[in-house]
Amino acid sequence: MQNLVSRYIKDESGATAIEYGLIAALIGVAIIVGARTVGTSINQKFLTVAAEVDKAGVTP
């Protein structure tokens, strides 16, 4: 019984899985933040171009 408890205490496979899960979550958050930032930037560029085209009086 003591051997079983000793092996259970030394087992770190669960901790490794949690660490990998935290790393995956961090990468996911970074991707979401990056995509949102790029999307906002691109949207602003399109709005600027649309305003310039509108000012120039170009009709589709």
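Is lysine 55 buried or exposed? In this predicted model, for which local features need pLDDT of at least 70, side-chain atom pairs count only at pLDDT 80 or more, and totals for chains, interfaces and linings use all residues, lysine 55 is exposed, with a relative accessible area of 65%. Residues are numbered from 1 along each chain as its sequence is written, and side-chain values use heavy atoms, with hydrogens and water left out. The classes of accessibility are buried under 20% relative accessible area, exposed over 50% and partly exposed in between, with a 1.4 Å probe and protein chains only.

The chain contains two helices and zero strands, both kinds of element being DSSP runs numbered from the N terminus (helices H or I, at least four residues; strands E, at least two). Helix α1 covers residues 2–10, and helix α2 covers residues 13–56. The radius of gyration, taken over C-alpha atoms, is 26 Å, whereas a compact globule of 60 residues would have a value near 10 Å; the globule rule is 2.2 Å times the number of residues to the power 0.38. Along the principal axes, the C-alpha atoms fill a box of roughly 85 × 15 × 5 Å.

Separations between pairs of residues describe the course of the chain further. Glycine 21, which is found in helix α2, lies 19 residues from threonine 40 in sequence and 29 Å from threonine 40 in space, C-alpha to C-alpha. For alanine 50, another residue of helix α2, the C-alpha distance to arginine 36 is 21 Å at a sequence separation of 14 residues.

Buried residues make up 0% of the 60 residues in the chain. Partly exposed positions include glycine 21, with a relative accessible area of 37%, threonine 48, at 40%, and alanine 50, at 44%. The chain exposes about 5700 Å², of which carbon and sulfur atoms supply 68%; accessible areas come from the Shrake-Rupley method with a 1.4 Å probe, and for residues only the protein chains shown count as cover. Met1, Leu4, Val5, Tyr8 and Ile9 form a nonpolar patch on the surface, with about 650 Å² of accessible area together. Patches are made of residues with over 30% relative accessible area and no salt bridge, like charges being joined within 9 Å and nonpolar side chains (Val, Leu, Ile, Met, Phe, Trp, Tyr) within 5 Å.

The chain has 5 positive and 5 negative side chains, and the centres of the two sets lie 1 Å apart. Lys and Arg count as positive and Asp and Glu as negative, without His or the chain ends, and the place of a charge is taken as NZ of Lys, CZ of Arg, CG of Asp or CD of Glu. The count of salt bridges comes to one, where a salt bridge is a side-chain nitrogen of Lys or Arg within 4 Å of a carboxyl oxygen of Asp or Glu. Lysine 55 forms this contact with glutamate 52, the closest N and O atoms being 3.3 Å apart. Both residues lie in helix α2, three residues apart, about one turn of the helix, and glutamate 52 counts as partly exposed at 45% relative accessibility.
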